[in-house]
Structure formats: structure tokens, C-alpha cells
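Trainee: I would like to learn how to read cavities, ligand sites and sheets in a model. Can we go through one example step by step?

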Amino acid sequence: MNTLDFLIIGGGPAGLMAALAASDFGLKPLVIDENQKLGGQLIKQTHMFFGSKAERAGTRGFDIGTELAGEMEKRGIEIWSNSPAVGYYPDGTVAVLKNDKLHGLKPKAVLAATGASENFVTFPGSDLPGVYGAGAVQTLMNVYGIKPGQSVLMIGSGNIGLIVSYQLMQAGVQVKAIIEGLPNIGGYLVHASKIARAGVPILTRHTILEAVGEDQVKGAVISRIDDKWQPVAGSQQNIECDTICLAVGLTPLTEMLWQAGCQMNFVPELGGQVAWHDELMMTSIPGIFTAGDVTGIEEASTAMLEGELAGLGAVKYLKGDSKELQCRIDDTACRLAGLRAGPFGQKAREGKCKLKECRIKQV
Amino acid sequence: MLSDKLKSTGLADAADIQAAWPAEERLKKGPVAVVECFQEIPCNPCETSCPQKAIVVGQDINALPRVDHSKCNGCTICVSRCPGLAIFVIDEKYSEAESAVTMPYEFLPLPQKGDTVEALDRQGQTCCQAKVIRVVNTKAQDKTPLVTLAIPKGREKVVRFFKLVP
Ligand SMILES: Cc1cc2nc3c(=O)[nH]c(=O)nc-3n(C[C@H](O)[C@H](O)[C@H](O)COP(=O)(O)OP(=O)(O)OC[C@H]3O[C@@H](n4cnc5c(N)ncnc54)[C@H](O)[C@@H]3O)c2cc1C
Ligand code: SF4
Ligand code: SF4
């Protein structure tokens, strides 16, 4: 049985920033990730990031991932890649699969920074080969250099739908249209505008009725919808395409937190079930922390700052408070609040507010 | 204020465009940045990249960028730094008959100086022919090349993209 101070499950932006922040204050964390390469979602993001300079805005996502991973290496922080965490036991043991062997780790503090998984929608033909999640398409293209098809219909106009459409176009794939059920585009309008000027229509208040094809996608039938999401008669259109890409949201990957028995709450604004946490990202169970998309679907920039807070929280939990630590915590919390201050942060603000109240109610 | 058209289609309407448009006086003097960023998002590389401090987002990172066109010298640095690819540099002084518009272009193949291309509007519709007069792709631009087109006078508000002529 191993013992260690701080185990970080998930090497995305949240987990990596937590490791770096904890190491700033002398902790020796271990980061495990189920993938070969560190960086989580970042490794497939070829576009420039938003945010401020402190969160590396204007830098491409994969470069941020490489930078963070490089910093980890420089500091000699221990990393286990290809190592999924597969279970949490009542005595606080985390089971980790590495090289086909199960390791029982018993950390004094643990952070679940496991990110999120893609949502799916069903429609006639949605089980046909050629229907993909947008994240999967992004991984195929940007990590493995494989085009998913020649012509795509994108479903969903949030930032993921918009960005993946743009990257498909960069890869030479024709994007036929982006459709969106809501009356307005969900993602940043600057992304929408750069897609529109390359000639791709963004059709709001539209839905997919079915995927067409016998043994693979050959097209789709789409339709306008009314205020009640009912198809408008006579507005059906056939779109010829070999790929249908779903960008319809993400759901936090909370298995570890459930298994650990953390207080979970359903908060739609955050993407579903999430663990209650305090200002320093500690869950209802002392020593168990959570940060990033697993605590609410947001952005890499907010995930990084939440991760940093969780890392600092682990320092406080394990080594006690200090003036220097408190200063750093205040600074990080202030930057996080700044990022969430605008209209795009509203959902997260409201969600986090609700989550806070959940604890008060239960206690 | 954001127009409904922009919110539902990604296409800026005349009022959105007018709000970002520099004064005619300033345009007459030569290249100037037009920042077509109309929505409050947490972002500020335009501000931090401008050597002239012509763009201000300010303390609240969600605020809209405000441009002081009189401070801008049209250097184009911000164009490749903007993650929204929302900044263009317009030069009405380029020649008697033509203006120049500089835009970010992250596609392959890159056009070559001297090529004739089809200039596209915000909706991707062909609106005129244009000549490529400059292609810049330095390391500092980090894979966001800049392409400058010479376009007929009067199309400065319209041309925002282009496609190669096969
Ligand atoms: C297409 C796309 C575009 C985006 N664009 C932007 C943008 O422009 N700006 C921005 O700020 N954000 C953007 N984001 C959002 C951003 O990528 C995410 O919010 C961010 O990556 C979340 O970070 P995270 O560390 O919480 O999770 P992730 O990055 O998902 O990392 C979690 C890691 O944990 C691993 N893991 C999960 N479970 C286990 C387990 N049991 N054992 C071991 N490892 C595990 C996962 O494999 C993964 O590597 C985008 C996201 C997508 C999908
Ligand atoms: S073109 Fe140059 S001077 Fe003008 S706003 Fe951009 S960076 Fe500043
Ligand atoms: S960098 Fe571009 S997208 Fe970001 S605020 Fe400035 S103009 Fe808008």
C-alpha cells in the first residue's frame, strides 16, 4: 500500500494547475491520467484561447497544454500516464490501473479533475456510422490527423460546435450547415462570424428530424421549429453529407466523487450532478477536492483557476494556513470571479450560487 | 447593442458595423484597425498586444474593446493576436481607385502576392475580385497569417474574407 500527500486524478488544465500550485508550496503531488499525453481537452485545441494574459489568452490550446506539461517535468512532478483511476474505497484507497496492474494509493488529499463527457441526442438514424460527437471528431482530426468524412452537418452552435466546424473547414472538410434549436447562437459570436464569412450558414431554430442512409450516413433531414420545438410544416430540407456531428453539451464525469460518497447535487446550470464544494474546492468530505469541468461545464481558463484554488486548498488542508498562501488564494479567487463576471459567466455564477445553498440546506 | 441578426446568424447588421467604423477623417489618413467584436466575452489580447495602447478593454475583462482610432497607426499586430479573428485593418489611402483590407487567414494553401482572388462578404458571397498585395506569416503571428487585399473603393465595409480562384 502506497501513501502519498496529494493525488490528482485527471491531467487536464484543472489537474495540472492544481499540481503546479501545490508544488509552489512544497507539496509533492502525483498526477494520474488515463491518456498517454497530458493536457486533457487542450491537446486537441488548435485555436487561440480567450481570457486574459494570466490565463495565456491568445495562445493556442495545445501550446498551453505543452507549456503546462513542460513545467511539470521541470519541477519533477510525478506523472502516471495511461493510468485510469477505477475505484474509490471506503478507507480512502484509490485504485489505479497502470501497466495492467492495480495499484492501491492512499493519499492524504485527493483531487478529482476528471473533466466531462459528451452528450448525445437520439433521432431516427442516430445509430448509423457517420454520426459522431464533436469532441471525437476533434480528437480524430487534431490528435490523429484523420478526417472523419468529406461533408458534415454540425448540430449545436455552442463554442464546441462552432470551433469544431472551423477546424473541420481548416482540414478541408466541407461544413454544410450548423443547426441550433434555440433562437440565438450559443457560442461566441466572433467564432460564428468567422464561420459565416467562409460561407457556412448557421441556422438557428432548426433541428434534425432524421439521418438518412442504409448502412452509413448519406444525409440528413432538417426542419425549422417553432417556439414549442415542433417542426414547421413545409420547412423540411435535405442535406447531403457523410458525417453528422453532435455538439450538444457535456456532462461532468463524477464517478469518483459518487464512489467517495461526496454530497452530490443536481444543478442544471453546471451540466448535471456535481459535488458540493467550498471556496477552496473541497467537497463535503474533508481532503477530497474537485475542480474544472467536473464541477460545472465552463472553460479551460476557469478550469485552470479552479484547479489552482484546489491545489492551494490542498496545501491549506495538509500544511495549515500562512499569509503567503492566503494572498495567493485571494488573488486566484479574484481572477476567477473576474472571468465569470460577464454575461457568458452568468450560468456558472448562478450554478455555483445554487450549489452553495445546497450545503446550507442539508447541514 | 447587439443586433438580433448578429445573435441569430453570426452576421453583423449595418448598425453593428457602423458602431465599429472609424471616423471618415481618420480613414483618410491611412491604415486603421476596425474591431468587429460586439459581444461581451472574457477576452483582452487586443488590448495587451497593441503597442500604441489604442484598444482598451479595462479592469472588467468582459467589457467590449474600445478603440481610439486616433492612436492606432494600422500596424496590424492586433489582427493576428485576436482569438476571435475579429479585427481588420482598412487603408483607404492605398491608391486612387483601390483600398487595402488586411485580414487574418488560417487556411491552406496561402495565396501568393500578386494572385487574383474572389473577395467575399460577411456571408461568404462573392462580391468582387481582389488582388493579393501582401501575405505576412511571421513566427510572432503564431500560425495566423495576414493577407492584404486591394479592393475597389467603396467595398471597405463589405469585404471580410476571400476564396482562391481555382
Ligand atoms: C472543442 C472544445 C473547444 C474549447 N474551446 C475553449 C476555449 O476556446 N477556451 C476555453 O477557455 N475553453 C475551451 N474549451 C473548454 C475546455 O477545454 C474545458 O473546459 C477544459 O479542458 C476543462 O478542463 P478539465 O481539466 O476540467 O478537464 P479535461 O481537460 O477534460 O481533463 C480531464 C482529464 O482527466 C482524465 N480522466 C478522466 N477520468 C479519469 C480517471 N478515472 N482516471 C484518470 N484520468 C481520468 C481525462 O482523460 C482528461 O485527460 C473547449 C472545449 C472543447 C471540447
Ligand atoms: S493596428 Fe496596431 S496600433 Fe492599431 S489597434 Fe492594432 S495593434 Fe494597435
Ligand atoms: S482580442 Fe478580439 S475577440 Fe478578444 S476582446 Fe479583443 S477584439 Fe474581441
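Mentor: We can begin with ligand 3, which sits in the second largest cavity. Keep in mind that this is a predicted model.

Trainee: Which residues surround ligand 3?

Mentor: From chain A there is A:Phe50, and from chain B there are B:Val35, B:Cys37, B:Cys43, B:Pro45, B:Cys46, B:Cys82, B:Pro83 and B:Gly84. Because residues of chains A and B surround ligand 3, the site is shared between chains. Sorted by class, this shell has 8 nonpolar residues, 1 polar residue and no charged ones.

Trainee: How many cavities of 30 Å³ or more does the whole structure have, and how much space lies in the largest cavity?

Mentor: The search finds 6 cavities of 30 Å³ or more. The largest cavity has about 190 Å³ of space. It is lined by 19 residues, with A:Ser193, A:Arg197, B:Gly10, B:Glu36 and B:Phe38 closest to its centre. Helix α5 of chain A, residues 189-196, gives the largest share of this lining, 3 residues. Here the classes are 11 nonpolar, 4 polar and 4 charged.

Trainee: What residues are around ligand 2?

Mentor: The residues around ligand 2 are from chain B, and among them are B:Cys50, B:Cys72, B:Cys75 and B:Cys78. Others in the list include B:Ala33, B:Pro51, B:Ile55 and B:Thr76. This shell has 7 nonpolar and 4 polar residues, and no charged ones.

Trainee: Now the sheets. What should I look for?

Mentor: Strands of a sheet pair through backbone hydrogen bonds, either parallel or antiparallel. In chain B, 7 strands form an open sheet with antiparallel pairing, in the order β1-β4-β5-β8-β7-β6-β9. Its edge strands are β1 (32-35) and β9 (161-164) of chain B, each of which pairs on one side only. On average, neighbouring strands of this sheet are turned by 35° against each other, direction ignored.

Trainee: How many bridges pair β6 with β7 in chain B?

Mentor: Strand β6 (residues 116-120) and strand β7 (residues 126-136) of chain B pair over 5 bridges, in the antiparallel sense. Opposite B:Thr116 stands B:Lys131 of β7(B).

Trainee: In what order do the strands of the open sheet in chain A run?

Mentor: The order of these 3 strands is β12-β13-β14, with antiparallel pairing. β12 (206-212) and β14 (237-240) of chain A each have a single partner strand, so one side of each is left without a neighbour in the sheet. Here neighbouring strands are turned by 30° against each other on average, direction ignored. β12(A) pairs with β13 (residues 219-224) of chain A over 6 bridges, and A:Ile208 has A:Ile222 as its bridge partner.

Trainee: Which residue takes a positive phi in the hairpin of β17(A) and β18(A)?

Mentor: That residue is A:Gly271, with a phi near 105°. The hairpin has 4 residues between the strands. Strands β17 (residues 264-267) and β18 (residues 272-275) of chain A run antiparallel and are joined by 4 bridges. In one of these pairings, A:Met264 has A:Ala275 as its bridge partner.

Terms used:
Residues are numbered from 1 along each chain as its sequence is written. Chains are lettered from A and ligands numbered from 1 in the order in which they are written. This is a predicted model: local features need pLDDT of at least 70, side-chain atom pairs count only at pLDDT 80 or more; totals for chains, interfaces and linings use all residues. Side-chain values use heavy atoms; hydrogens and water are left out. A residue is near a molecule or strand if one of its heavy atoms lies within 4 Å of it. Ala, Val, Leu, Ile, Met, Phe, Trp, Tyr, Cys and Pro count as nonpolar, Asp, Glu, Lys and Arg as charged, and the others, Gly among them, as polar. On a 1 Å grid over the protein atoms alone, a cavity is a set of points where a 1.4 Å probe fits but cannot get out, and a pocket is an open set with protein on both sides within 12 Å along at least five of seven lines; lining residues have an atom within 4 Å of a point. A molecule sits in a cavity or pocket if more than half of its atoms lie within 2 Å of its grid points. Two strands pair if DSSP finds at least two bridges between them. Helices (H or I, at least four residues) and strands (E, at least two) are DSSP runs, numbered from the N terminus. Axes are lines fitted to C-alpha atoms, for helices over the stretch in contact, and angles run from 0 to 180 degrees between N-to-C directions. Grid points are joined across faces, edges and corners, and a volume is the space filled by probe spheres set on the points.
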